[in-house]
Amino acid sequence: MSHDAFSADILHSAPAPGLPDGDDALYERIAADLQQQGFSVQHNALPAAMTSALYQYQRELSHEYFAEAGIGRKQKFHKNEAVRTDKVCWIDGTSSTGDIWLQWCAALQRYLNRRLFMGLFSFESHFAHYRPGDFYKRHMDAFRGESNRVLSLVTYLNPEWQPQYGGELVIYRDAEDTTGISVTPALGTVVLFLSESFPHEVKPASTDRYSIAGWFRVNTSINNKVDPPK
Ligand SMILES: O=C(O)CCC(=O)C(=O)O
Ligand SMILES: [Fe+2]
């Protein structure tokens, strides 16, 4: 499988020197996976304090603040219940919990840019709540040349998730793959994949399924079109 998003340079790149400690060992495992296979699944990846803050924050979010999820970019909002039935709430960093999350993602973004020269420019993310029976059918997060989403990130906020609940994320290696790689949506698991390369789907679960989904984007501003749009 080839990943055009990466220039040939990354195959020869070494870890950038002078990076701060913290989550660098994790960030490095993610970078190595992305380089080798275009996706990464990391269990118990997030700092415990952040995971529990996010968990509590999402549980406290009143359902009335959860907008119906649209397909694709929020600016081109439209609902399609044949494809997805979850509800989402965008994270804007005005709460301290949201801010801690965005800072963790920004540090990952800096690491990947220095290590893999990915040119990631911005990040957007939302909480998602899949009620029992909710799903998101097989889809791509971006299509080559049509979107500036290049790297998808998902993390789960479900303590004590049991396999029999279902609700797996299934990542397919390419358009032909029908088996895929199943990921249980357990608390603290972080999944990253190249947005234009991996079809994926969310299977229905028998219980509530909580997550955060986010996308790193490259800057596609041109003369008379400022990106990202406000
Ligand atoms: O929740 C997940 O496991 C994946 C969600 C997803 O594919 C999306 O929001 O685009
Ligand atoms: Fe997706």
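**Strands, a helix and a ligand shell**

Modeller: This model is predicted. In it, β5 and strand β10 (residues 200-202) pair in the antiparallel sense over two bridges.

Biologist: What makes β5 and β10 a pair?

Modeller: Two strands pair if there are at least two bridges between them. β5 and β10 have two bridges, so they meet that cut-off. As for residues, the bridge partner of His139 is His200 in β10.

Biologist: What is the strand order in the open sheet?

Modeller: The order is β5-β10-β7-β8, with antiparallel pairing.

Biologist: Why do β5 and β8 count as edges?

Modeller: β5 (136-139) and β8 (181-183) each have a single partner strand, so one side of each lacks a neighbour in the sheet. From one strand to the next, the twist averages 15 degrees.

Biologist: Which residues surround ligand 1?

Modeller: Ala128, Tyr136, Asp141, Val154, Leu169, His200, Val202, Ser211 and Ala213 do. β10 and β11 (209-217) each supply at least two residues of this shell.

Biologist: How do the residues of that shell divide into nonpolar, polar and charged?

Modeller: Six are nonpolar, two are polar and one is charged. Asp counts as charged, and Asp141 is in the shell.

Biologist: How do you know that the length of helix α1 agrees with its number of residues?

Modeller: α1 (residues 24-37) has 14 residues, which should span 20 Å at 1.5 Å a residue. Its end C-alpha atoms are 20 Å apart, so the two values agree.

Biologist: Which residues of α1 are buried?

Modeller: Tyr27, Ile30, Ala31 and Leu34 are buried. A residue is called buried if 20 or more other C-beta atoms lie within 10 Å of its own.

Biologist: Why is strand β6 called largely enclosed?

Modeller: Eight of the eight residues of β6 (residues 149-156) are buried, so the rest of the structure largely encloses this strand.

Biologist: How many bridges join β6 to β11, and how many join β6 to β9?

Modeller: Seven bridges join β6 to β11, and the two run antiparallel. Five join β6 to strand β9 (residues 190-194), again antiparallel. The cut-off for a pair is at least two bridges, so β6 pairs with β11 and with β9.

Biologist: Where does Leu153 stand?

Modeller: Leu153 stands opposite Gly214 in β11. In β9, the bridge partner of Leu153 is Leu192.

Technical notes:
Residues numbered from 1 in each chain as written. Chains lettered and ligands numbered in written order. Predicted model: local features only at pLDDT ≥ 70, side-chain atom pairs only at ≥ 80, totals over all residues. Helix = DSSP H or I, 4+ residues; strand = E, 2+ residues; numbered from the N terminus. Axes fitted to C-alpha atoms, helices over the stretch in contact; angles between N-to-C directions. Near = placed C-beta within 6 Å. Expected span 1.5 Å × (residues − 1). Buried ≥ 20, exposed ≤ 12 C-beta atoms within 10 Å, placed from the backbone.
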